[in-house]
Amino acid sequence: MINKLKNLKLAIIGLGYVGLPLALEFQKKRSVIGFDIEKKRIKELNSYFDRNLETTTQELKNIKQLIFTSNEKNLASANCFIITVPTPIDKSKKPDLKPLFKASKIVSKFIKKGDLIIYESTVYPGCVEERCVPILEKFSRFKFNQDFFCGYSPERINPGDKKHKVSNIKKITSGSIPEIASLVDNLYNEIVTVGTYKAPSIKVAEAAKVIENTQRDLNIALINELSIFFSKMNLDTQAVLNAAASKWNFLPFKPGLVGGHCIGVDPYYLTYKAKSIGYNPKIILAGREINDKMGNHVSSQLVAAMKKKSIKIKNANILIMGLTFKENCADIRNSGVKSVIKGLRKFNCKLDLYDPWANPEEIKKTYNIYPSSSLTKSYYDGIVITVAHDKFKSMGIENIFNLCKKKHVIYDLKYLFTSNKIDLRL
């Protein structure tokens, strides 16, 4: 028997950038169990601290129907499990589904007849029913679409964005049978004020999610390629884009580093599935290749500009301003800045890293460099502004300029400043 909407008892599996905001919204309407395998994360949340800086202490103190736990046994009382774990890629740029499979196995221990499992993690079309459902069936010993049911409602979280949140971003929903599709849709309509879009199948919902970011990746790749071409012609890319934008239907994309857990990852999920059915995608992978090489392009441009000013490259002091994958966000995983740092290390530059948002320990772990907490004036031969943090904007170009030696290069990747003190832009 299928559980009715009013009887659903939620457990959200994974309390990262997706799971925590979702749990906080749902607890306003019904009781929620927030589960994460990382005990440190649970301890922090129970102490009213969100290391991702997406949630305030006051918001965590105000929760009324939400418990945080790493104890699997607490999942026994739930009958609707929402899985929000990461779906990264491995070193070969193939889908790494281990976190998804592990979460599915954990949930399967507590499935009862009539239970509902909803996936929010980004996957390729067919993944839920072809890869996750068999795990649920194996370890629960129940039959799919007979004893338990599945839904898919892909996350649309935008880290660092205080305007677009769970409640005001339209949500795609779907279910393994029509009755479940309606149940999932009604559930999310409890918290999404701008409405939902009920897809005709789980596969359609999976595909829709993965192409959202693939489309953006390709558009950025086009502009990145144009910026490389224009720089060789000594053309100002932004000036060209501004002129083109005078036409009403020109799409306003900008060049830049492409990272994060969506744009830099989702296309590989789509191409993996395409190859598995015998189709070799060309445009998608071409766009990925361009975007993956932008960090090397940036480091080469900086070095070339320094050489023009007769600045010695070896042991040059370079400041990287911004390490997160996007502005006003604490997440450094999958950041496009990593490839810039890798490129500059090949030139034997001395690097200082600075980011007021990122966790210093995470930076040290990732780059083997402890970040600067304060900046020394008149010290740097080159500065690369890689992330458009509001805090960098408020510093002002004069303060950044004063960090440099007399001969220097300032490279503003994000067009954060319009000053003539900027030497390079993408």
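**Entry 1: Glu38**

I looked up Glu38 and found it partly exposed, with a relative accessible area of 32%. On this scale buried means under 20% relative accessible area, exposed means over 50%, and partly exposed lies in between, with a 1.4 Å probe and protein chains only. The model is predicted, so I note that local features need pLDDT of at least 70, side-chain atom pairs count only at pLDDT 80 or more, and totals for chains, interfaces and linings use all residues. Residues are numbered from 1 along each chain as its sequence is written, and side-chain values use heavy atoms, with hydrogens and water left out.

I placed Glu38 in the loop between strand 2 (32–35) and helix 2 (39–46). Helices (H or I, at least four residues) and strands (E, at least two) are DSSP runs, numbered from the N terminus. Thr69 is 31 residues from Glu38 along the chain, and their C-alpha atoms are separated by 9.2 Å.

**Entry 2: Asn317**

I then went to Asn317, which sits in strand 9 (residues 317–321). Asn317 is buried, at a relative accessible area of 11%. Leaving out residues up to four places away in sequence, I list Lys350, Tyr379, Tyr380, Asp381, Gly382 and Lys405 as touching Asn317; contact means heavy atoms within 4.5 Å.

**Entry 3: Cysteines**

The criterion is a pair of cysteine sulfur atoms within 2.5 Å. For Cys127, the closest cysteine sulfur is in Cys132 at 4.5 Å, which is too far for a bond. For Cys329, the closest is in Cys262 at 11 Å, also too far for a bond. I checked accessibility as well: Cys127 is buried at 0%, and Cys329 is buried at 0%.

**Entry 4: Helix 7 and helix 10**

I looked at helix 7 (residues 202–232) against helix 10 (residues 283–292); their axes come within 8 Å and cross at roughly 55°. Axes are lines fitted to C-alpha atoms, for helices over the stretch in contact, and angles run from 0 to 180 degrees between N-to-C directions. I therefore record helix 7 and helix 10 as oblique to each other. Angles under 35 degrees count as roughly parallel, over 145 as roughly antiparallel, 65 to 115 as roughly perpendicular, and the rest as oblique.

On the helix 7 side I noted Thr214, Asp217, Leu218, Ile220, Ala221, Asn224 and Glu225 in the contact, and on the helix 10 side Ile283, Ile284, Gly287, Arg288, Ile290 and Asn291.
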